[in-house]
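Trainee: Could you take me through the pockets of this model slowly, with the cut-offs behind each term?

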Amino acid sequence: MDIDARGPRFGAAVTTVVLAVVLITGNAWLLAWQTLAFALGAAGGVGRSPYGYVFRTLVRPRIGPPTEFEAPQPPRFAQAVGLVFAAAGLIGLTAGPAWLGVAATGAALAAAFLNSAFGYCLGCEMYLLVRRVTVRAG
């Protein structure tokens, strides 16, 4: 079942703000929250993430029914990629090296910003590339 394409973009906007605050403040607890949000989105799909819940219950009723849909697998894969980067950032912020925390968090922030501002999902594109390669190889 396809999902409202605005949901992942909303989640990316919230993620952009959260990760920007993490980079400005170095707050590992906030990065731990974002890591959990990515984990929930990767495990259950973007609709099961905290930001997906907020979109579904508070935002979507106010902006009307969707006009554009997308397959749930690419955004779910993107959540898994975000999880890897957020987890690496969390390790860097809490255990070191600090540059790892900044670099991994910054990479996740860049990807989230691209999705929220321009609708370009790097993780989704990675998913499609992996699918093309594995289908040709198989």
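Mentor: In this predicted model, the largest pocket has a volume of about 850 Å³, where a pocket is an open set of points on a 1 Å grid over the protein atoms alone at which a 1.4 Å probe fits, with protein on both sides within 12 Å along at least five of seven lines, and a volume is the space filled by probe spheres set on points joined across faces, edges and corners. Its lining, meaning residues with an atom within 4 Å of a point, holds 43 residues, and I3, P8, V46, G47 and P75 are the closest to the centre. Two or more lining residues come from each of β1 (3-4), α1 (6-25), α2 (28-44), α3 (50-63), α4 (73-94), α5 (98-118) and α6 (122-137), these being DSSP runs numbered from the N terminus (helices H or I, at least four residues; strands E, at least two). The largest share, six residues, belongs to α4. By class, this lining has 25 nonpolar, 13 polar and five charged residues, with Ala, Val, Leu, Ile, Met, Phe, Trp, Tyr, Cys and Pro counted as nonpolar, Asp, Glu, Lys and Arg as charged, and the others, Gly among them, as polar.

Residues are numbered from 1 along each chain as its sequence is written. Local features need pLDDT of at least 70 and side-chain atom pairs count only at pLDDT 80 or more, whereas totals for chains, interfaces and linings use all residues, and side-chain values use heavy atoms, leaving out hydrogens and water.
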